[in-house]
There are 6 protein chains.
Amino acid sequence: MADHSAPPACKYFNVTYPLPFVAHVEINRPDKMNAFKEEYVRISSFLDICLSTVLTLDRMWHELPPLFTHLSTSPSTRAIILSGAGPKAFTTGLDVQEASQNSILGPNPDQSRPAPDGARTATRLRRHVDAFQACISSIERCEKPVVAAIHGWCLGLGVDISVCCDVRICARETRFAVKEVDIGLAADIGTLSRLPKVVRSGSWVKDVCLSARDFGAEEAEKVGFVSWVGKNGGKEEVVKEALRWAEVVAGKSPVAVQGTKEVLNWSWNRSVEDGLRYTSVWNSAMLQSEDTREAVMSGITKKKPRFAKL
Amino acid sequence: MADHSAPPACKYFNVTYPLPFVAHVEINRPDKMNAFKEEYVRISSFLDICLSTVLTLDRMWHELPPLFTHLSTSPSTRAIILSGAGPKAFTTGLDVQEASQNSILGPNPDQSRPAPDGARTATRLRRHVDAFQACISSIERCEKPVVAAIHGWCLGLGVDISVCCDVRICARETRFAVKEVDIGLAADIGTLSRLPKVVRSGSWVKDVCLSARDFGAEEAEKVGFVSWVGKNGGKEEVVKEALRWAEVVAGKSPVAVQGTKEVLNWSWNRSVEDGLRYTSVWNSAMLQSEDTREAVMSGITKKKPRFAKL
Amino acid sequence: MADHSAPPACKYFNVTYPLPFVAHVEINRPDKMNAFKEEYVRISSFLDICLSTVLTLDRMWHELPPLFTHLSTSPSTRAIILSGAGPKAFTTGLDVQEASQNSILGPNPDQSRPAPDGARTATRLRRHVDAFQACISSIERCEKPVVAAIHGWCLGLGVDISVCCDVRICARETRFAVKEVDIGLAADIGTLSRLPKVVRSGSWVKDVCLSARDFGAEEAEKVGFVSWVGKNGGKEEVVKEALRWAEVVAGKSPVAVQGTKEVLNWSWNRSVEDGLRYTSVWNSAMLQSEDTREAVMSGITKKKPRFAKL
Amino acid sequence: MADHSAPPACKYFNVTYPLPFVAHVEINRPDKMNAFKEEYVRISSFLDICLSTVLTLDRMWHELPPLFTHLSTSPSTRAIILSGAGPKAFTTGLDVQEASQNSILGPNPDQSRPAPDGARTATRLRRHVDAFQACISSIERCEKPVVAAIHGWCLGLGVDISVCCDVRICARETRFAVKEVDIGLAADIGTLSRLPKVVRSGSWVKDVCLSARDFGAEEAEKVGFVSWVGKNGGKEEVVKEALRWAEVVAGKSPVAVQGTKEVLNWSWNRSVEDGLRYTSVWNSAMLQSEDTREAVMSGITKKKPRFAKL
Amino acid sequence: MADHSAPPACKYFNVTYPLPFVAHVEINRPDKMNAFKEEYVRISSFLDICLSTVLTLDRMWHELPPLFTHLSTSPSTRAIILSGAGPKAFTTGLDVQEASQNSILGPNPDQSRPAPDGARTATRLRRHVDAFQACISSIERCEKPVVAAIHGWCLGLGVDISVCCDVRICARETRFAVKEVDIGLAADIGTLSRLPKVVRSGSWVKDVCLSARDFGAEEAEKVGFVSWVGKNGGKEEVVKEALRWAEVVAGKSPVAVQGTKEVLNWSWNRSVEDGLRYTSVWNSAMLQSEDTREAVMSGITKKKPRFAKL
Amino acid sequence: MADHSAPPACKYFNVTYPLPFVAHVEINRPDKMNAFKEEYVRISSFLDICLSTVLTLDRMWHELPPLFTHLSTSPSTRAIILSGAGPKAFTTGLDVQEASQNSILGPNPDQSRPAPDGARTATRLRRHVDAFQACISSIERCEKPVVAAIHGWCLGLGVDISVCCDVRICARETRFAVKEVDIGLAADIGTLSRLPKVVRSGSWVKDVCLSARDFGAEEAEKVGFVSWVGKNGGKEEVVKEALRWAEVVAGKSPVAVQGTKEVLNWSWNRSVEDGLRYTSVWNSAMLQSEDTREAVMSGITKKKPRFAKL
C-alpha cells in the first residue's frame, strides 16, 4: 500500500514530518535567499532560448508539481507547512540577476540577427508563462491545507507562491513586495489573479501592485493578507505557530478538513447558489463516513477522536 | 387587504413589532441555548431515517421559510432584527447531542442489517442537505433588510444563519465558531459558500474554517465579519443598537431600501457590467415613484418624509 | 504625432500636468462644492423631460468620457490624480436641489395631464441611467492608474466616482456617504455594483448603503475603502501624497503599469483560472519589450531607468 | 415507507401510471383546449388585483409544484410523460380572454381612480412573475426525466412548459407559437431564457419570438426543437411513442438516469471545466452502487437487470 | 421632439423608410462589391500607421455607431433591414487589396528602420481591434430588431456583421466564407465569439472557421445560420421577404418587441436562473403599459392594434 | 532544435505523417475493436483496487496526454487526424467485460470483508474519474486542430473522445451510442459536459443520453454532431476526406489556424464580451507576424503562401 511512500526527491526543497501527519516543506536555497533559479545550457540567441523552454529541465519550480501532487494524495499527510530555509528570507523570488544573464529576461546577445517573428515569439512566451503558472498552482490544487510560515524577505514570486497557500502567517520583521512592476512586466505567475480574492481592500491591492512598494507584517495583517503575526521571535516563532496550527488541523477528521478546503476553493470563484449545490453534492458522499460518528462521540465522551487515513 | 396580517404561528421563534415597521424575530429555545432541534418519531434504522427526511415535520428550521416569506412581502415590515432569546446564546447551532441519538448523525442502531446502497444513501443525504440549505437561505431571500443582533455563543449553524443576514452586530462577549469541522463534516448549510464573500481576508476565513477555533467580537470586527461591537452592555446593548439601526432604515423609502438590498445581493456574485445593467433595469420601474419626490422635498423642507407601504 | 496633444476643453474639470507624465484632474465647481449639475432648457412636462434625455448637452458628467478617453491613450500620461477644487469638498454629488427644479427628480409640473405610459417612461429612464453610468465608468475604463485624492465632503455621486478609481486616499477630516437611499432611489450610478468588490466587509457595505449614514476617514481606512489617510494637513496633504504616489508609478515601465491595471481589473470579476490565462496571453505580447531589459539593467546598474512612451 | 404514496390531488391535471415506474401527467381542461386558467374573486380595481396576487388560490399552475415535487422524489416514478387531454391541444397557453376580464391583463375598470404608484405596482408585478416562473420551473427541477408528448395547439405558455421538459416529441399536425409578443409582453415565463439553450439556430429563435408566427412539426424537428415527429397518427401515436421511450428509460438504473439528467442540466449553463468537476464529484458517490454491477452483469449474461428503487 | 429626426448623414450607407416604422440600411459601395474601405493619408512606416489609428477618420465602419445608435432610440423605427447595394454582394468584407497598400496589413515599406517595440505595437493593435469590434457591435446593441437580407458574396467582415443581426435570411445563390484564416489572422471582429452561439453544430463551426472554405445558402440553412432562403429570385426576393418580416414585427407592440430582443440577448450568455430573474425585473416595468390591453382587445375585437411610439 | 523530434512511443496508438504537417493518430487495438483497456496487477479487494488507482501504469488512456502534448507544440504538426485501426470500429469504448473482472466496475470479490468507509471510497473514485477526464481532455487542449474520422462502432468512451475533437466526420455505416447509462453510471468522462455545447438540440441530446439508444451517421449529421458523412466508401473514404481537410488546414498560416481554434474554444464557454476582448488581446501579439503579409501577398500574386514553423 502507498501509505508510507516517500515524497519525490527534490534538489531545492526539504520535506520532513516534524509531527504525525504534518509535512514541512522548506524552500531550500538559503545561500541565495531561496531565490528561484532557472539555469540553461549555453545557448546563443534570444530566439533559441524561447524555443527551448519546454525542454529545459533545470528550473527550480519544476519540482513543485510532483511534490505537491504527492502530498495531495499521501495518506500520511493531513496538513502542510511551507517556509524558507535560512535566516533571511521566505524567498526573494525569481533570481533576476541570474535570469538576466541567460534567460528570456536577458539581453539579446546578437543584435545583428533579424528580430524573430512577433507571433512566434509570443507563442513561446505564452507557453512558458502557462507552464510556470501551472507549476505554482500545484500548491493551490493540493487537497491538504497549506500554511505559509513567512519570514524575512517575501518578494515577487514569493507573493505568487504565498497566495496559493490557504493560510499565511508571518514573523514580525517580514517585508513583502509585489515586485514585478519593477522588472518591467505584470506579475504573471498568479498574484494579480489571486490577491484581489484574498485581500478585501481594492485600494490597497492596487497601491502595492502598481507602486511595487514593500510593506511589513503589521500592514499585511491590517489588510488581511496574513492572519497572524509573531511578537518578536523571528523565524522560529512563526514556524512554531505554523506547527501548532497544523497539528490542530491534522487532529481533525481528514474527510472534514479536505472537504472544507475544497468547498471553500470552489465557492470563492462562484455564486452562492453554485457553492451551496456543490456542497450538498460533495457531502452526499462525505457524510457516509465513520468520521462523523467518531467526532460526535468524541465530543460527548471527551476522548480524543481517531480517524482513519485518507 | 393583507396589510396587517399576522405572521405565521411559530413554535420556536418569537415575532414582535417593537417599533413601527420593525419586526423582531427571536430564536426561542433559551433553555437549550437556542440550539436547533430535529426530533423524529421512533425509527429503527439508519436507512429508514434517511428515507423519512422529506416527510418529517418537526425540524425547528422548517419554520423559517414561511416566516421570512411572510416578512418579505408584509407591507407592515421594513426592517427585521434577528436575535436569540435568553442571556446565553444567539444559538449554539444544531443540537448535536440530540441529533446523535435519533438522526442521520447518530450511530447505526442495527449493525446486522446490510449497509445500504451508497448511491441511494447519497441521494437521500443530498436531498436532506438541499432542503436544510433552502430553509436557511429563506433569510437571505427576504426582500427586507435583516440585522443579526448576536450575543453569547454563536456556533455552527449560528454562523450559517448570521451570514444570511445583511448586517451583523454583536455584544462584546460574543464567541463565534465555524464548528462543523469538529463534527466531521464540511459546514454544509452555507457558511463555506457565503463567508468568503462577506469577509475577504482569505487567510482568516481558511484559518477559522479549517481549525474550528472560536473567536471573539473584537477579532470579528477587525476582519469585517461584524460591523459594530457593543461596549460592555451585553445582549441589551446590542439589541438596542439593532433597534436604532432598524428604525433608521424603516424611516427611509421602502422602495429605495429594498431596491438597494436587491441590487447589492445581485451584484455581489456577478461582474460589474452585469451589476450596472441590472441596476438600470431595476430603477427604470422604481424611479416611477412618489417616494423620490417625497424624499427630495423632505430634504429641502426639512420635514420628515412619509412613504406609502410596500 | 499625437504625443503632446492637449486634452479636450472642459468647462467643469481642470486638467494640468504638475509633474512629467502625471495628469491632475480637478472637479471644478467649487462654489457649489463641486456638485454635479444638469441644466435643461425649459420644458413643460415630466414626459417631455424624459424624451429629451439623449439630446441634452449640458450635463456636467458628459465631459468625463472624452476627457478620460483622451488620457487613456495619451502617451504623455502615465498616472492620473482626481481631486475636487476648493477647500470644502471632493464633491457633494448630484446637485439635488437643482435637479428637483428641472429634471427627472423634480415635481410633475402639470398634474392635469394624463400619467405617461409606464413602459415608455421606464424605457426613457433606463436609457438615462445607462448613459449616466457609461459616463462615470469612463474613469474605470481609463488604461492609466487613477488615484482619487479626497477631502471634505464626498457624497452620493462622489462615492460612485471614487469607486471607479484604482486607489483612494483621503484627508483626515473627509466625510463620506452613500446618500442615494435618502433621495428615494437605489444608488444607481455604480456604487452598489462596485463597493462590494473593493471593500469586502459585507456587513459594513450593507450598513452604509442601507442607512445612508456618513462615515469618516478613519472608518474608511479600517474597512479598506481608502488605503491612506492624512495626518491633519487637509486637502494639501492628500494632494501632495497623491502626487508622490503618481510620480512613483509614472517612473515605472508604462507597459508594466498598464498591464498590471488591466490584468487586475479583468481578474477581479472572474475566476482564478480565467485570470491566469488572460495574464499569460497579455504578457505573450508585452514581454516583447525593451522595458523588461531596461528595468533589469537598471536594477543591476542602479541607474534610473528610462522607458519609451506608450 | 412512502413508496406507493399517491400524488397530491389535482383539479387540472390527471396523473396515472400506465406502465411500471412511468407516470403520465395530463393537462386536463380539454373543453378549453387545456388553456391555463386564473380565476379571481370579484375585485374592483387594477391596484387591488395586483395586491391580491400572493393570496389568490385558484391559479391552475399552482398545482404544478406539489405535483412535480412529489414525482421528483417518488420511488415509484422513473420517467414522466406530459401531454394534453382531449383531441385538440397540448395547451393553448394562458386563457387570455378570461384573463382579460378579471386579471392583471384586463382593462382598468375604474379610470377615475388615481394611477397607482409605479414602483409599488412594479413590485407586485415582479412578485407575480417570479411566482409564476417558479411554478413552471418545477417541471425542470424534477429529478426524473420528463418527455412532452405534444399534439394540436401548443401556444404561449405551452412553449414555456415544453422547454422545461427534457425531451419534446410531437404529432405531425402540431402547431406551435411563441405567442406572447402578440399580447404585448415579452414571453415572461421562461421561453426566452430557455429556448436559446435548446435550439441553437439564433436566427430561427429570434424569428419565431419576434414575429410570433406559428410553425409546424416538421419545422420544429428541422431546427431541433423536437426530436421526433409522428407519421400521421395524431395524438395517439405521439403518446404511444412517449410511452415506449419512457419504458426504455424506466428500465435503466435510476441512479444512472437521474445522474445523467442532473449532470446535463448543470453542464448546460456552465463551462466544460465546471461540468467535468461536478460530474466527478457526483459520481464519487453514485458509483458506490449495486446498479453498476447489476448493469454490467446484465450485459454479460443477457438477462434483464433489476434495479432497487430510488 | 426628436420623433421625425433624420438619421445621421452617411457616406457609405443608404438609409430609407420603405414602410412605416421600417428602416432599410444599405451598405453602399456597390462598385467595390460593398467592401469596407479604410483610407489613410500617406504615411511612411508601419509604426506610424499604428500610431495613427485612433486619429484616422475615414474608416467606413466608423459610420455604423452613430447610425445604429440613432436607430436604436428613434421612435420612428421599429424594425431594421440591412442589405448590400448592387447586384453582386452583401459585402466582400474588408477591402484587403486596398488595405495591403496603406494599412496595418500592408508590407513594411522601410526595412532599414528598426523593428518597433513589440509591446508598444501590441498596444496599438489591440486598441485598433477593440475600436473596430465596438463599431460592428453597435448593430447588436441596437434596441430594435435587425434582419440581414443577404445576397451574392458575404465574406469575412460580412459574416462578422451578419452575426450581429438578429435574423439572417438570404438569396439562393449567396456564398459565405469566414475568410480571415486566409489572410493570416484569426477572425477578430466578432465571428469567433458569436458564431458558436447562433449555430448549434460545433463540428460545422470549426470546419468553416479553420478551413475558410465557402458555403452556400442551402448549407447555411441546414445548420441554422440563416432561417430562410429564397427560391430563386435573387436579391429582390430576399429584400422583399425581409420587408414582409419587418412589417409584421413593426406591427406588434414596440414595448413587447424590444423587450423580447433585450431579454433574449441577455439570456443567451447567462444561466437560465439569471435569465428568468432579468425577465421578471424587466417586465415589472414593461407590463405597466397600455400596449398589453391594446393587444388583448385587438385579439378579441379582431381590429388591428395601434401602439404609441417608443 | 526540437523540430523533427519523434512523438513519444505508444503501445496503443499509431502515429504517422501521411502528408507534410499532418499527423495521423490511430487508436490501435483492432482485435478488440479498439476498446480501451485497463489491466491491473492481481489485487484482492475492491478497496485495494481503489487505493491503487494513481499507481497503476497500464491504462490505455494514459498514453494520450504525452502524445497530444507533444503534438500540441511540435512545429512539424499543423493538423491531426484521429481514427480507429481495423475495419470494425473507431472504438467500442471502455472494455467493460475486462473491467468487470478486475477493476472498479467488477464484483466485490470478498463479501465477508466490511464495506469500506463511504467517504474514503468516494475520494478514491473522484480522483480516479478526475484523472481519467484529464487524460481524455488532453485531446481538447491540443493547440492544433483535430479531426475525428469515425467509422464502424463509436460507443461510450468513443463519444467522450470524439467530442474533444474539433471536427467530426464519419463513414455512412457508423453507429454511435452514449452507452454509459446502460452500465449504470452517468457518462463521466466528458460527453455530458461537452455534447450540449456542440449539438444544441436539447431534446435530441437528452434523448440519446437518457435512453442510450444508438444512432447512425445520417441522424448524427442532421443534428450537427458530425459535419460530413461519406457516400458509401466505408473507412477509406472518411480517412481520405479527413486527409483532404487536414491538408487544406495545414496549408494555412499556423498562427491564424491555432489562434482561431484557441479563440473559438475560449468563446464557446463565455460571454460575447469576454470573447471579443480575448480576441483583441490575443491578436495584439499575433498580428505582429510575417504570415499576415505572406497571406495577403499570396492572395494578390496567386502564389501558394509559405509559412514559417510554429
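This is a predicted model: local features need pLDDT of at least 70, side-chain atom pairs count only at pLDDT 80 or more; totals for chains, interfaces and linings use all residues.
Q: OK, and which elements of chain A give two or more residues to the side that touches chain B?
A: On chain A those are β7 (167–170), α6 (191–198), α9 (234–250), α10 (254–268), α11 (272–286) and α12 (290–301).

Q: What's that side made of, by class?
A: The side of chain A that touches chain B has 23 nonpolar, 15 polar and twelve charged residues.

Q: How many salt bridges cross the interface?
A: The rule finds four between chain A and chain B. One of them joins A:Glu221 and B:Lys222, with the closest N and O atoms 3.3 Å apart.

Q: How much area do the two chains bury between them?
A: About 4200 Å², and 61% of that is on carbon and sulfur atoms. In terms of residues, 50 of chain A are in contact with 46 of chain B.

Q: Switching topic: where is B:Val146 found?
A: B:Val146 sits in strand β5 of chain B, which covers residues 146–150.

Q: Is B:Val146 buried or exposed?
A: B:Val146 counts as buried because its relative accessible area is 0%, and the cut-off for buried is under 20%.

Q: What does B:Val146 touch?
A: Leaving out residues up to four places away in sequence, B:Val146 touches B:Phe68, B:Ile80, B:Leu82, B:Ile139, B:Cys165, B:Asp166, B:Val167 and B:Lys261.

Q: And how far apart are B:Val146 and B:Ala242?
A: They're 96 residues apart in sequence, and 9.7 Å apart in space, going C-alpha to C-alpha.

Methods
Residues are numbered from 1 along each chain as its sequence is written. Chains are lettered from A and ligands numbered from 1 in the order in which they are written. Side-chain values use heavy atoms; hydrogens and water are left out. Contact means heavy atoms within 4.5 Å. Buried area is the accessible area (1.4 Å probe) that two parts lose on being put together, summed over both. A salt bridge is a side-chain nitrogen of Lys or Arg within 4 Å of a carboxyl oxygen of Asp or Glu. Helices (H or I, at least four residues) and strands (E, at least two) are DSSP runs, numbered from the N terminus. Ala, Val, Leu, Ile, Met, Phe, Trp, Tyr, Cys and Pro count as nonpolar, Asp, Glu, Lys and Arg as charged, and the others, Gly among them, as polar. Buried means under 20% relative accessible area, exposed over 50%, partly exposed in between (1.4 Å probe, protein chains only).
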